Amino acid sequence: MEHGVDVAAELAALRGRDGAFPDLIGAPLRVALTERADVALRALFGDPGPGVALLAVGGYGRGEPAFGTDLDLVLLHDGRRGARAVAAVADGIWYPVWDAGVGLDHSVRTVEQAVSVADGDMKAALGLLDARLVAGDEALATRLAEAVRARWRARASRRLPELAELHAERARRAGEVAFLLEPDLKESRGGLRDVQALHALAAAWVAEAPGERVLAAQRMLLDVRGEVRRLAAGRDQDRLLLQDGTSVAAALGYRAEPAEPTGSGGTREPAQPGEPAELGRPGALGEPDSFALAHAIADAGRTISWTWDTTWHRVSAALRSQSRWRSRRPVRRPLAAGVVEQDGEVLLARDADPAADPALVLRAAAAAARAGIPLGRFAVDRFARETPPLPDPWPGAARDAFVALLAAGDNAVPVLESLDQVGLLTRILPEWAAVRSRPQRNPYHRYTVDRHLMETAARAADHTREVDRPDLLLLGALLHDIGKGYPGDHTDAGIVIVEKLGPRLGLPPADVDVLIAMVRHHLLLPDAATHRDIDDPATIEAVAAAAGSTQVLTLLHKLTQADSQATGATAWSAWKARLINDLVTRALAVLGGGPVPYPGELTDRQRALLELPDEHLVQVNGLPDEGMYEIVVLAPDHVGLLAVTTGVLALNRLDVRRASARGANGRALLQAAVAGRHGREPDASRLLADVRRGLEGRLDVGGQLTAREEAYATRRPWRTPGPPRATFDDSGSRTVLEVRAPDRAGVLFRIVGALAGAGVDVRTAIVATIGLDVVDAFYIQEPDGAEVVGEARRREVTDAVLAALASEEPPAA
């Protein structure tokens, strides 16, 4: 051991405790950690003489350590020393590292042993490709590096497909950096492991080393990982948690854009609709901005994942060509004017000139999407260098090619991604810059805004044969959320954008009006179907009036389905589809000149149920939607019956989507549509027993729900929830109270109980969950059937609801 080195202190700094390196971030921090580890390990290694070397592999070998990461080490020897002598050197290193509390991944190998292990272990092979000499025999280390890399190149045809499968499996397991609320910066697709895989391709001499854009993205992710590890006090944590976003943003300088002086003592005017909102950026003044950080992470992840996809496509094609005979001259198959297919990718014809033909890029993109093959990287790069902006207005051929690209559905997404990655998509549609890689930052949405728009267009392509204007359906799908990159309400901003963009696309005024209507009303159907009673004539009339025509309503119907399917797993279901289908059918009847459908006060079935002799009855009936059931409760009319019933359903882990209450001759009929969990049909006898016990006071519904809320309370919310809101809506034929509140087990029970306590009857409850919030609509009336009117009376009702939602005490039924 070298004298004068405090090995324990040097190693302790690597754990990230006690505020080590408080003034260092990013690359300087990684350099400092690497140097500390090197100094300590060289001291421990000492001078055992020739034929022994200490190598750093993996992240430490690449000079990318973070607080708390393991030291990956290989003690390499030439095999000429005795086992005891080598073990003594190893023990002199390993034990002090363990004693210091630093994680250690270690091995002792000869060159031949190391190469043999790498042959059968992908992780070992990748680590050795990054091996770096820390101390000892340089010639021995060089011999290992040359042997490992020669072996990697020689066996590339077998090892590289293994590498690609490892990449695919990791993506399936860990998701994608760009689209996760809490991405694993190392393991997720588009993360640091993928950069390592790109270097491995380059080491096999089948691809170029990653370029500066990828390296910049890697540095960004490494910087974030460094601060994540600092906050975790050196624990094994590579996932950026939402709760840590602001702290990491502050450390790395991602801050909100401040208001700037105008020069006359005021502040800068806010951006207007149609002008992009400023994103925070490193170095800007203002408050730490976790949104700007998430935006940068998403952009970095997409850059890395796209580079892997395009690089691996070329590599895999080359590997396949090596395994089979091919003719001397490649076959070039024409796809469109100036566009050919060769070796499974789209290239430019020899006489094609992007500079003289601005629409060529769209023809090539459409051809690639139709054929289900990628745009060749050489073609993409040439388009990026030479393609000028499209003229204003677009030629009809350019618009047709753009629509043809969108019509290719899923195949269009990777093509659009390629255009985006080289700046072509923003050259074609400058408005796209504001939504590019823009995070949505809630668990409801699966993708960034721009990727959501691409996916919506892909889903809309499935419905082009069901509408009379498939081109407008596809354009509306791509643009319906374009306003999310701009200040203010995204729908208002989107309308302003499309008013200008439509004519530039070359659309006639009537088509621009339809496109504007699609943007203006893209939330009309889901809002009406899930937040209002679709049996209410006022709801039907309002939807018909807003759409204005059967053409627009039909387009909105298919846009709604595509939008919901592209949003996330919880945004579309058979239940929601049926509600929207029924609403559209009724609104189309009104637009066709027919009467507004009105089901009446009681249906024949409801009258028959109310006439049954049973004092108490619970029925469970399957609905046509998978996992959905109708719960029918018949009982003597009782104050709080709806509250008890909804509470019992919650205790039985049934999610209420819609509930209605009707009565006649002192009897009450409750009907609730519920979603069962885990595919199990609700137990009618258990529900009946629980309802009876709840009505008789033998079941503490409120207490049990409160206990469940406490047991499942999240200690780390996705976001800080705002206060609940309760507002009246008089736009329909009946009084509606809309309540927005954080979702929890007893929220519906609390609201309905509060309404009963305030002396109002709930006729129908419409329940919707959006992310971590509920948006519930209650059709209410006074006990005598009168509307709930008067400012004081309405304040009494809303105060009761808000007090129940704010209370930590068990609600009363």
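View 1. Of the contacts (heavy atoms within 4.5 Å) between residues at least 6 apart in sequence, 71% join residues at least 24 apart. Buried residues, those under 20% relative accessible area with a 1.4 Å probe and protein chains only, make up 53% of the 813 residues. This is a predicted model, in which local features need pLDDT of at least 70, side-chain atom pairs count only at pLDDT 80 or more, and totals for chains, interfaces and linings use all residues. Residues are numbered from 1 along each chain as its sequence is written, and side-chain values use heavy atoms, leaving out hydrogens and water.

View 2. Helices here are DSSP runs of H or I with at least four residues, numbered from the N terminus. W308 and W312 sit 4 residues apart in helix 12 (residues 290-322), about one turn of the helix. Aromatic rings of Phe, Tyr and Trp (its six-membered ring) pair if their centres lie within 6.5 Å; planes under 30 degrees apart count as stacked, over 60 as edge-to-face and the rest as tilted. With ring centres 5.9 Å apart and planes at 5°, W308 and W312 are therefore stacked. W308 is buried at 2% relative accessible area, and W312 counts as buried at 18%.

**View 3. An edge-to-face pair, W394 and F402.** These two rings are 5.6 Å apart centre to centre, with 75° between the planes. W394 is buried at 4% relative accessible area, as is F402 at 2%.

**View 4. Arginines over rings.** A charge sits over a ring if NZ of Lys or CZ of Arg is within 6 Å of the ring centre and within 35 degrees of the ring normal. R153 has its charged end over the ring of W205, 3.9 Å from its centre, while R132 lies over the face of Y60 at 5.1 Å from the ring centre.

Methods: Buried < 20%, exposed > 50% of the residue type's maximum accessible area, 1.4 Å probe, protein only. Helix = DSSP H or I, 4+ residues; strand = E, 2+ residues; numbered from the N terminus.
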